[in-house]
Amino acid sequence: MYSRIIGTGRYLPERVLTNADLEKMVDTTDEWIRTRTGIERRHIAADDQTTCDLAEGAVREAMSAAGIGPDDVDMLVVGTTTPDQIFPNVGCLLQKRLGIHGCAAFSVEAACTGFIYALGVADKFIRCGDVKTAVVVGAETLSRIVDWTDRSSCVLFGDGAGAVVLQAADEPGIVSTHLHADGKYKDLLFYPTGVSKKTPDREDMQDVLTMRGNEVFKVAVSTLGRIVDETLEANDLDKHDIDWLIPHQANMRIIKATARKLDMPMERVIVTVQEHGNTSAASVPMALDLAVRDGRIKRGERLLLEAFGGGFTWGSALITY
Ligand code: COA
């Protein structure tokens, strides 16, 4: 038993924040942002829009593309680190919106790797025969936790949501998923506030996303290189066997480094970072949906999805679309 993607969707909030807008907010330039990151603009959720609102838009599109209704869904898994509230989790909130009742619904918290983790979890449930149809989402409102006075991080992030519908199939589909984490890097990229730890344990720690960008960059490049090797080796494939790379959209320079590792021309890499910035868990499913809908990705092609994020967490999925 395998799982395969039978529908994709994405949702972006309407409001667009350009590099020119950011020039008015912090001491930065369009030129600096573009050359260091590749980002030109990002979408920001309206004041009254939540992660669940964005997720709902993406899931409705994915379910419609898959031709399924609420009664067909056996499981809902949402990758997010910016939930509307601690509980009910975003999966449950989504159930209510979509009129889905009774199936398991939960969130997976793995920062920018959230969608890959959610996909890995749902794939396992389908493979073992417990679930026939699963909705898998990556959705974030990172703009809510970004420090809009910190030029070194606020220029990077944006909001959005992407979703896929997975269904049981005799052939892959999802060939393999590879999930990893190493908490020793917890201080390089974090958001300090939770529930049980109300008081930041360092005086200089503020209630905002905090990042040591340069160090994150270096670990991301080497780690993503390793996960590409691991995925190819696990499936006895050569790097030239991959048709499309769908990377986490954090930074154009990180994306290009992974493409080089795969010896892949940039025409075979789905890139949205210039339009969306880093949307964390939403970035991979949104890029996938874009390239499916514009006809670049075709049935039968081999896709390599990868992501890296706070934790650090990282992961990949090899998919025959
Ligand atoms: N505009 C202008 N200058 C900026 C700036 C901005 N938005 N942000 C930082 N700078 C300045 C710094 O203050 C520093 O100035 P200094 O040399 O006078 O001290 C200089 O630019 C270089 O800073 P540095 O952090 O070394 O730049 P960098 O080349 O590493 O690029 C990032 C910064 C954040 C773009 C890069 O490190 C990065 O992309 N890291 C990965 C982040 C990421 O992807 N995180 C999410 C992972 S899922």
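Buried, in this talk, means under 20% relative accessible area, exposed means over 50%, and partly exposed is in between, with a 1.4 Å probe and protein chains only. By that definition, buried residues make up 55% of the 321 residues in the protein.

Some ground rules. This is a predicted model, where local features need pLDDT of at least 70 and side-chain atom pairs count only at pLDDT 80 or more, while totals for chains, interfaces and linings use all residues. Residues are numbered from 1 along each chain as its sequence is written, and side-chain values use heavy atoms, with hydrogens and water left out.

Overall fold, then. The protein has ten helices and 13 strands; these are DSSP runs numbered from the N terminus, H or I of at least four residues for helices and E of at least two for strands. The radius of gyration is 18 Å, close to the 20 Å from the globule rule for 321 residues, so the protein is as compact as a globular protein of that length. That radius is taken over C-alpha atoms, and the rule is 2.2 Å times the number of residues to the power 0.38. The C-alpha trace spans about 55 × 45 × 35 Å along its principal axes. Of the contacts with a separation of 6 or more, 76% are between residues 24 or more positions apart, a contact being heavy atoms within 4.5 Å. The protein exposes about 13,700 Å², with 49% supplied by carbon and sulfur atoms; areas come from the Shrake-Rupley method with a 1.4 Å probe, and for residues only the protein chains shown count as cover.

Next, the ligand. Which residues are closest to the ligand? They are T28, R36, R151, N214 and N251, out of 22 that surround it, each having a heavy atom within 4 Å. For polar pairs, the cut-off is N or O atoms within 3.5 Å; within protein, one must be able to donate a hydrogen and the other to accept it, and residues adjacent in sequence count only if both atoms are side-chain atoms. A side-chain N or O atom of N214 is 2.8 Å from a ligand oxygen. R151 places a backbone N or O atom 2.9 Å from a ligand nitrogen, and a polar side-chain atom of W32 lies 3.4 Å from a nitrogen atom of the ligand. Taken alone, the ligand exposes 960 Å², and the protein buries 73% of that. Elements giving two or more residues to the shell are α2 (30-37), α6 (151-154), α7 and β12 (302-309). Helix α7 gives the most, with four residues.

F87 and P88 are joined by a cis peptide bond, omega about -5°, and P88 sits in the loop between β4 (75-79) and α4 (90-98). Another cis bond joins P172 and G173, with omega about 15°. D236, not a glycine, has a positive phi of about 55°; D236 is exposed, at 71% relative accessible area. D263 also has a positive phi, near 60°, and is partly exposed at 46%.
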